[in-house]
Amino acid sequence: MAHECGGQNKPYPGVTGPLSLTEPKQQDIELTEKLVEALKPHNVFESEAELNHRLEVLAKVNELMRSWIKEVSRQKNNIPENLIDTFGGKVFTFGSYRMGVHTQGADIDTLCVAPRHVERSDFFKSFFELLKSQPEVRDLRAVEEAFVPVIKVEFDGIELDMVFARLALPTIPEDINLRDESLLKNLDEKSVRSLNGIRVTDEILHLVPNQENFRMTLRAIKLWAKKKGIYSNALGYLGGVSWAMLVARVCQLYPKAAPATIVHRFFLVYSKWDWPSPVLLKPLESDNRLGYPVWDSRINASDRFHLMPIITPAYPQQNSTYNVTQSTRTIIMDEFQEGLNVVTLIYEGREEWSRLFERSDFFHKYKHYIVVKASAEEEDHYLEWKGYVESKIRLLVGNLERNPNIKLAHIMPTSYGPINESEGQYMCKWFIGLVFGLVHQGSQPGANVDLTYDIQSFSDVVHKQAIHINLYKEGMKVEIQYVRKKHLPQFVSQQILNHGKPRKRVSICKFIFHQFSVKRIVTEKGGSSASTVPAAGKADISAEITKAVTTGEDDDTSQESSSDTHTVATSNGPVASDPESMQWNSEESSTNAGTVNKDDELEDKSENAVGSPSSHDSTPDAASKRPGSPFQNDTPPKKPKDLEQQIPGSPMQVDEKQSLTTTSSSSLTSSSQHFVSSQQHQPSLSDAATKSISNKHVDHHPSNELSDLSSPQPINATGFLPPLKNSIKLKLK
């Protein structure tokens, strides 16, 4: 849909007309030049030689593709020799390379289009073998079971992601236009998904008013997103196509603006966007002529629960941010607001563009982390295992989010390798920062926080599905550890830890009572709880939280136990629960801690301590928020009856093919004197939301003990991993 503005004849694409047609000022032009200079040190521009090398590689791959189609055609019955040369076949590019915003060393997304007599199975067998025989090929692997099946390969130093589409045509013309919707007729779903990449890329370029300004702005936004750790579709953030559509929409709203202005407007618009209102580059089509599933919240009830919908412009329209969770949306919105603050300072002349591209302060923001390790014994197995585990980590984040005692689970998309030889050669680590929230009504200072079910179910899904798709090999492991901030140097190099500066904390009294309202607060001494807080009592709460932070935030070192990092090992397959060994009790915790204090005695006497079996059993909110958690001391935890049934807005999606048959056991225990609620704020267009964005605060507490959960062991004769035997305990004081 095009719009005419100000009586002009020039149409502007988009679901609405432009917000401004102002021409760039001299300041905008100068800031754009400074922006380009700030981008150069980050290798976002390729040299002419590098661009030519990419073209040469693509030409070789295209020739391999055409010769392969000829060979497959010869093997088919009833195909005359004189027709073999006419079948054609072509390799297309899409994604960042086709948009012209790829960086140095970036991979190239490619689409291999073949005529109707060439099967997908041929692509993953004979073409795979053809690639393997090429001397330029390295790190070749096929991911045939992926949502969009792909072959990953490094060809003459250039990484390629190759997807396949079989068109319902006898031949593939050299000048074929894949934007033609009629080409989707009679195609299988995997071919439609494969074609969707190039169709979306071309449609985005067609819908922006100025492609050069769009490209420069997108380069800046992609670099910023990568530096802040929010660039990963697989882990619940935004992928390249999503960032491109966000930038394209701002370009539609400000069609004549310079790139520096568009960057500022980008943060201004999306820091105040009223999610889950969708971002659209053109109106949704009501006429679904070919019958493919399309995103439309007016028709599909399930689409209304998507948290951050960004809709692709090409038919069939899909939500490109399906994986976004509550935590990742909160983190992205926080970065939008921080980006707006920085760019505003840049326009005021008080900061340089380099400030915008500083690395994330992830390793300084939290005091509690979970480390997910993936390892294998051979290089080929490791590459396959790493990609598979990475695609599943968002399930663990979703599990943690639904724990009623966890307010935020922040996954860093970057994986880190071993820092010493003892960790093994083929191993990588991902880090998840945790923020704990307020405890429930009626709680005493001693509180139980159960993370075992969350971790156990994640491990079960990873290993069982790996076995199901014949991916699992002996030596493949997933290990999960809890670690405190001060022990991070044992897991990641000091050079990486030095990146990113801690953000300046805003006064805690500026909390905004928005999505996660403060309703109860546990006092420091008596453990008594307040009931629901009226509006008039918010000042008192802020004062109480401030007191808790100032008295308890910095004393974690003196109260720590001797063990702060612990391996969390999980098993695969059904496990036999032992209530006596799995269930937490306060006496055991006190004994393991080596100290008995007033809070520990209260834990022994309290039947309503948060996280205890009696507390969970009498708290329907906790039960409904995380179905399947163990609530009874004398009853082993049971599997959820329906993994697909979720709370409205719940971010985690469980694969339909995999049902968990595992029962989880043990509890992660915590004792808290000061719990501070971190307020998550979702900016909108309302007046209240535009006034301030609250920073997240939490009083972090030292750990006491976290027993081992053993890492998945080699599969035994029954086809399952050994049962979980040890409990995990974490004491937060």
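Is threonine 110 buried or exposed, and what is its relative accessible area?

**View 1. Threonine 110 in strand 4 (residues 108-114).** Threonine 110 is buried, with a relative accessible area of 0%. Buried means under 20% relative accessible area, exposed over 50%, and partly exposed in between (1.4 Å probe, protein chains only). Strands (E, at least two residues) and helices (H or I, at least four) are DSSP runs, numbered from the N terminus.

The model is predicted: local features need pLDDT of at least 70, side-chain atom pairs count only at pLDDT 80 or more, and totals for chains, interfaces and linings use all residues. Residues are numbered from 1 along each chain as its sequence is written, and side-chain values use heavy atoms, leaving out hydrogens and water.

**View 2. Helix 8 (residues 240-253).** Twelve of the 14 residues in helix 8 are buried. Among them are Trp243, Met245, Arg249 and Cys251.

**View 3. Helix 2 (residues 48-75).** The 28 residues of helix 2 should span 40 Å, and its end C-alpha atoms are 41 Å apart, which agrees. Its buried residues include Val57, Leu58, Val61, Leu64, Met65 and Trp68.

**View 4. Glutamate 474 in a loop.** The loop runs between helix 13 (452-468) and strand 12 (477-484). Glutamate 474 is exposed, with a relative accessible area of 62%.

Notes. Expected span 1.5 Å × (residues − 1).
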